[in-house]
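Take a look at the protein below.

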Amino acid sequence: MTSPIKTTGKPRSSMKIDNAPTPHNTPASVLNNSYLKNGNPTKNGNKPIPTTISEEDLQSALENVNLEDAAEPQNVNPLANNPAMTGLLYQSIQDKLGDLIGTDSGYLDNLPHPVKEKVLGLKALQVDLYDLEKKFQIEMFELENKYLNLYKPLFQTRSDFITGLKSPTKEQIEIGQEHEDKFELNDDDEDDEDVKGIPSFWLTALENLPIVNETITDRDAEVLTYLQDISMEYLTTGKPGFKLIFKFNSKENEFFKNESLVKTYYYQSELGYSGDFIYDHAEGDVIEWVDNASNVTVEVEMRKQRNKSTKQVRTIEKLTPIESFFNFFDPPKMHICADEHEHDGEDEDEEDEESEDLEARLALDYSIGEQLKDKLIPRAVDWFTGTALEFEYDEEEEDEDEEDEEDYDDEEEEFNEEDEEEEEEHDDFAGTAEGVQGQDAPECKQS
């Protein structure tokens, strides 16, 4: 692999400070029981360190504000009956406090010299950690690619079963029965031996896959019946990344001429602050539709036009883009505006909205690619049968589970400890590492 990752000496942080107006360099501990607050010397001990003002503090202050020109007595808050004035005052305070975000409080500059040296030592250790993270990602990338090549013979056999080129052996059928409880084989099923392969296998699997299923229309479903295989490959030269390969039955496909459609995702050459790959951009193959009527990404409207001079009438096609799964192969692209400093306020607001919409589309596109790569391709049969859905949780269900967990008390912990003594589970990793035998393995929860 040719230099897939490069890191800089000073990685950029993507962290944001949400609680105004604590300056970026002021730890909350300094405001409470820090050793600096309790008497340790600084270069400028009399310089006050800005404190955090929460929304509750602001609201409390507003409730105690008295205006000099108010007709009410001083012990009555004139803002209480004037929500508009309260909102304006609150917004004004927020705007002023917002200016403090990211400003230097002087805290680091006021640290004692020995403490500064230790902080710089920590930064040196951080640089070493970045180097190790880079090596980890390189080796992980190579390891994933190694095992992907080991998976390929299995994936090829899977494709042969789906398309009907091969049939499973009796031994494979018996093993499958032991691990699948969605259906059972019946003697009557032997009458349907004329069926070739597994019809609409990938269409069914895609329609069970969250997020992806929301992009599939009825017209898309007709095209996806010709889908024979979905596979992936890692990019091992140039920029790191991966590509998804959709193979179609080109002989019977009535919609487009492509034998396969490829979607390629590229990562940035530089690791992110967290030490992970950062999505850069994606590219997709151009679909060669047979004609506009076969193009499921547009709506065709026939219109008649009359020539004013000759009075002749002609029919034209008006093409309107519509939502479709196959827009996946025409990913959104980031536009760079060269005249960004010449726009007025209204144009800037429109650009902000367009930018937010574009970022949402890019995030969705990348999310779909990751779903196909990490979930669908390795576990295709479970998405076809629906077994994989049993391991999927919606955000609402997760929130409910967290609330339920908070309702339990210590009795549940005691109950779980008793269950752990009674139940024995199969350990896939038992005896694989020295020095860990006899110890309890950490619990792994499906997310």
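Are Phe246 and Phe325 buried or exposed? Both Phe246 and Phe325 are buried. Buried means under 20% relative accessible area, exposed over 50%, and partly exposed in between (1.4 Å probe, protein chains only).

This is a predicted model: local features need pLDDT of at least 70, side-chain atom pairs count only at pLDDT 80 or more, and totals for chains, interfaces and linings use all residues. Residues are numbered from 1 along each chain as its sequence is written, and side-chain values use heavy atoms, with hydrogens and water left out.

**Aromatic pairs**

The whole structure holds 27 aromatic pairs. Rings of Phe, Tyr and Trp (its six-membered ring) pair if their centres lie within 6.5 Å; planes under 30 degrees apart count as stacked, over 60 as edge-to-face and the rest as tilted. Phe246 and Phe325 make an edge-to-face pair, 6.3 Å centre to centre, with 65 degrees between the planes. Phe246 sits in strand β2 (residues 241-248) and Phe325 in the loop between β6 (313-321) and α7, 79 residues apart. Helices (H or I, at least four residues) and strands (E, at least two) are DSSP runs, numbered from the N terminus.

Tyr265 and Tyr366 are also edge-to-face, at 6.1 Å centre to centre and 70 degrees between the planes. Tyr265 is buried because its relative accessibility is 0%. Tyr366 is partly exposed, at 22%.

**Salt bridges**

A search of the whole structure finds eight salt bridges. Each is a side-chain nitrogen of Lys or Arg within 4 Å of a carboxyl oxygen of Asp or Glu.

Why does the pair of Asp365 and Lys263 tie together parts that are 102 residues apart in sequence? Asp365 lies in helix α7 and Lys263 in strand β3, so the pair joins those parts. Asp365 is buried, at 6% relative accessible area. Lys263 is buried too, at 0%.

By contrast, Asp109 is partly exposed, at 49% relative accessibility. Lys116 is partly exposed as well, at 24%.
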